Structure formats: C-alpha cells, structure tokens
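The sequence and structure are shown first.

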Amino acid sequence: MEEKKEVNRPLRFTLTGLTVLFILLIGVSIFRGSSVNSVQSVVKSVLMPMQEGINKTGSAILDAVTNVESLRRAQTENQKLKEKILSLEQEIGLMQQDKYEIDNYRKLFELTNQYEDYEMTGANVIAKDSGNWFHSFIIDKGTNDGLAVDMAVLAQGGLAGIITSVGPSSARVMSIIDDSSNITSMSMSTKERCMISGDLELYEDGRMRIMYVDKDSGIAEGDKMVTSNISTKYLPGLLIGYVDKLETDANNMTKSGTIIPYVDFSHLDTVLVITTLKNNGDDIKK
C-alpha cells in the first residue's frame, strides 16, 4: 500500500507542473500581443529620434562634403577662367598693338605716295623731353643713315617737325608745336601765304597759331594749310593742318586764329624723314 502511494506522488507532481505550465502559456498567449506592442512602442520612442538625428546628421555631412567638393571644382574652374581671360586680354593687347603699328605704317606708306618726289627713310621715336607733348624728341637714325640738320620729319599724315641736331646714330627733332617753331605757310586751295607758329598753351586744346593772314585773303576756316614754296627750311607742299578759326586783328589789316595740326603730338612712335634738303639758292648767293 505504501509503494502505491510513493508511485502516485511523482505522477501528481508531474501533472501539477504541466497544469501550471499550461496556465502560464495561456497567460502569455493572452498578454503577449499587448506586451510586445508596448515594448515595440518604447523601443520606437527611443530609437526613432536617434535614427532621425543620425539621418539628418548624415545628410548634413553628405551635403557639406558635396558643397566642399563643388566649391573646389568651382574654384578650379574659376582659376582656369581667370587664366584664360588673362591670356585673351594679352592676345587682344598684342592684336591692338599690331593694329596700331599697321595703321602707323599704312599712314607712313600713304605719305611716301603723297610725297613720292622726295627721298625718305623711316625712323622710330626713342625719347622725348619732359611734359605731355612731343615738342622735342629723338629718333633712332643719324648721320650713319644719311640724316642731316634741317631735314623735315613727317608722321601720321602730316608735318611733325625738323631735325635740329644730329649724331652718328640718332637725331633730335623740334616739332612744329614748339614755341620757337615758325613756318611760312600757304593755303592749298588759294596759294595765299601766312605764318603758322607753335604755342604750347594753345596746343593744350590741340591747336596751333595762324597769323598774318591778309584781311581780304581767301583763306577760310576748314582750308588745308601746307608749307610754302618760299619757306627757308621746309620743302613746299608739306601738310600742316586745317584752319580752325580766323578773326580780324585790331589793326583791321590782318587776320589771325588757330589751326588743327594733322599730327597728334601726344602720341608719336614712327616717323618718316625726308632726306632731301630745301634748296634756297645758296650756291647763287655765294
């Protein structure tokens, strides 16, 4: 009888344990859904903001890296563009310089055709006196090139000056705008004579002085003025400029005024020297 009780006791324990286990499983199955959802909610409430912050931070870092890279590319392209612009500006400068030189040579060539009866040689201006205007300047040719004192110098379509001193490889030219310059001139159309002189104050306005025009002379504003055939130093027919203004003098016998020279005496680079000297009949006078 005792053995029967001992055998049944473990069986009861087993049944009891299984019953408790089944009850627990039922409880878990009942409460599992809400528990899991609660845990998930807690996890989400903690992790989602972190994930969003990580995402935003990552996006910001990516944007920053992209912006830095874009800035570097832009800076590189900008530097290349600057170098290209500088290169183009240099090319344009050279082209403008070439055009300027070509224009000068063209004008000099036209002068050689205009004064084809005279022997000429080209020269470059290498120095000038102080001041804004070329009232006196030096050219790079001299006696070695056949130059001599009193030879006329042309530039830009008209008379620029006359050689006053000369060395083996250079010569000094006094321009027609210098205060000491006086030229016996005449109208190309009427052949009537007058005097044209330099005046540095007048040339501030790009003018020269014209004087001793006969009151009844046909010389008028706009007339072309050239060197006269009776000029003591200049060969005849060298273009000086246009009459700008004429007014009757106080003596009521003559007129005076201003002319505009052909040559721009603020810019001189190349010139033509007429190597033929004026013949004043000195051989007869002697």
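Two strands are taken as paired if DSSP finds at least two bridges between them. The model discussed here is predicted.

Strand 10 (residues 239-248) and strand 11 (residues 254-261) run antiparallel and are joined by seven bridges. Within this pairing, valine 243 faces isoleucine 259 of strand 11. On another side, strand 10 is joined to strand 9 (residues 224-227) by three bridges, again in the antiparallel sense. Strand 9 in turn has three bridges to strand 6, and these two strands also run antiparallel.

These pairings belong to a closed arrangement: six strands form a barrel in the order 6-7-8-11-10-9, with antiparallel pairing. On average, and with direction ignored, neighbouring strands of this sheet are turned by 40° against each other.

## Methionine 225 and serine 187

Methionine 225 can be followed to partners in two strands. In strand 10, its bridge partner is glycine 241. Serine 187, a residue of strand 6, stands opposite methionine 225 in strand 9. How far apart are serine 187 and methionine 225 in sequence and in space? They are separated by 38 residues in sequence, while their C-alpha atoms lie 4.7 Å apart.

Serine 187 has a relative accessibility of 0% and therefore counts as buried, the cut-off for that class being under 20% relative accessible area.

## Serine 228 in the loop

The loop between strand 9 and strand 10 contains serine 228. Is serine 228 buried or exposed? Its relative accessible area is 0%, so serine 228 is classed as buried. The side chain of serine 228 reaches the backbone nitrogen of isoleucine 230 at 3.2 Å, which is within the 3.5 Å limit set for a polar contact.

Strand 1 (residues 120-128) is joined to strand 12 (residues 270-274) by five antiparallel bridges; methionine 120 has isoleucine 274 as its bridge partner in strand 12. Strand 1 also pairs with strand 2 (residues 136-139), over three bridges and in the antiparallel sense, where alanine 127 stands opposite isoleucine 138. Glycine 161 is placed opposite serine 175 of strand 5.

## The largest pocket

Rolling a probe the size of a water molecule over the atoms shows where empty space is left. The largest pocket holds about 180 Å³ of space. Its lining consists of Ile162, Met174, Ser180, Ser181, Asn182, Ile183, Thr184, Met195, Ser231, Thr232, Lys233 and Tyr234.

Which strand supplies the largest share of this lining? That share, three residues, comes from strand 6 (residues 182-187). By residue class, the lining of the largest pocket comprises five nonpolar residues, six polar residues and one charged residue.

Technical notes: Residues are numbered from 1 along each chain as its sequence is written. This is a predicted model: local features need pLDDT of at least 70, side-chain atom pairs count only at pLDDT 80 or more; totals for chains, interfaces and linings use all residues. Side-chain values use heavy atoms; hydrogens and water are left out. On a 1 Å grid over the protein atoms alone, a cavity is a set of points where a 1.4 Å probe fits but cannot get out, and a pocket is an open set with protein on both sides within 12 Å along at least five of seven lines; lining residues have an atom within 4 Å of a point. Grid points are joined across faces, edges and corners, and a volume is the space filled by probe spheres set on the points. Helices (H or I, at least four residues) and strands (E, at least two) are DSSP runs, numbered from the N terminus. Ala, Val, Leu, Ile, Met, Phe, Trp, Tyr, Cys and Pro count as nonpolar, Asp, Glu, Lys and Arg as charged, and the others, Gly among them, as polar. Axes are lines fitted to C-alpha atoms, for helices over the stretch in contact, and angles run from 0 to 180 degrees between N-to-C directions. Buried means under 20% relative accessible area, exposed over 50%, partly exposed in between (1.4 Å probe, protein chains only). A polar contact is a pair of N or O atoms within 3.5 Å; within protein, one must be able to donate a hydrogen and the other to accept it, and residues adjacent in sequence count only if both atoms are side-chain atoms.
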